[in-house]
Amino acid sequence: MALNFANNNSLSAITSLPASISGGGMTLIQEQTASSSSTISFTSGIDDTYDSYVFKFYNIHPANDSSSEFRFNMSTDSGSNYNVAKTTTHFISQHAESDAEASLEYRSAGDLAQGTGFQTLTVDIGNDADQNTSGTLHLYNPSSSTFVKHFTSTMSATQSSNYMVESFVAGYGNTQSPIDAIQFKFESGNIDSGVIKLYGIS
């Protein structure tokens with residue numbers, strides 16, 4: 001019945017949902033704009049209000065060229081330390097603007113096995129005027145005091161050597177303590193510009 005409700009109707013024609021379908025939604029919690037920032041930290045707004053949280057990245061532009069890996073880490077003490085142990089996977093697809101090369105590969109240099117360092121989200125971002133990275137990081141049930149903290153990320157980046165690179169990262173923070181802060185930074189150099197928005201998912 002629920003599926004038939006939407007059949008043969010355009011989205012604009014659907015004015016209400018049956019009781020069996022929950023609407024869900026995204027609530028903007030916080031927005032931060034980088035300006036030659038060494039780090040961007042979210043130390044509030046991540047709690048048990050929502051079961052999951054999404055960070056959206058818009059035109060994150062590095063100060064440095066080529067060596068710029070965009071990374072993140074988690075905290076269980078409101079940002080005093082960003083050192084949660086993580087086990088992760090990382091693979092990328094890439095395609096040259098010249099069409100000379102295209103590939104899909106697992107990136108062992110970008111994964112962690114119980115590592116407490118910052119996890120790479122995307123790699124080798126160029127700092128030409130038009131180059132940047134954008135994407136999402138999804139954090140699931142960060143306030144659980146029982147389970148590890150899963151996350152997934154998809155990032156689109158303009159590589160320094162003019163490749164399109166899509167990065168796929170997944171993993172978990174291996175802690176039963178609630179995650180209550182997240183920090184982002186580049187491997188080296190500042191975040192020259194860009195916007196990061198934090199949403200709660202209901």
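This is a predicted model: local features need pLDDT of at least 70, side-chain atom pairs count only at pLDDT 80 or more; totals for chains, interfaces and linings use all residues.
Residues are numbered from 1 along each chain as its sequence is written, and side-chain values use heavy atoms, with hydrogens and water left out.

**Entry on His90.** I located His90 in strand S5, residues 86-96 (strands are DSSP runs of E, at least two residues, numbered from the N terminus). His90 has a relative accessible area of 0%, so I recorded this residue as buried. Beyond its neighbours within four places in sequence, I found His90 in contact (heavy atoms within 4.5 Å) with residues including Tyr106, Asp111, Leu121 and Phe168.

**Entry on Ser103.** I found Ser103 in strand S6, residues 102-106. Its relative accessibility is 23%, so I recorded Ser103 as partly exposed. Ser103 lies 10 residues from Ser93 in sequence, and their C-alpha atoms are 5.7 Å apart. Apart from neighbours within four places in sequence, Ser103 contacts Ile92, Ser93 and Gln94.

**Entry on the sheet.** I traced an open, antiparallel sheet of 4 strands in the order S2-S12-S4-S8. Its edge strands, S2 (40-42) and S8 (119-122), each pair on one side only; two strands pair if DSSP finds at least two bridges between them. I also looked up S4 (residues 70-75), which is joined to S8 by 3 bridges and runs antiparallel to S8. Phe72 has Gln119 in S8 as its bridge partner.

Methods. Buried means under 20% relative accessible area, exposed over 50%, partly exposed in between (1.4 Å probe, protein chains only).
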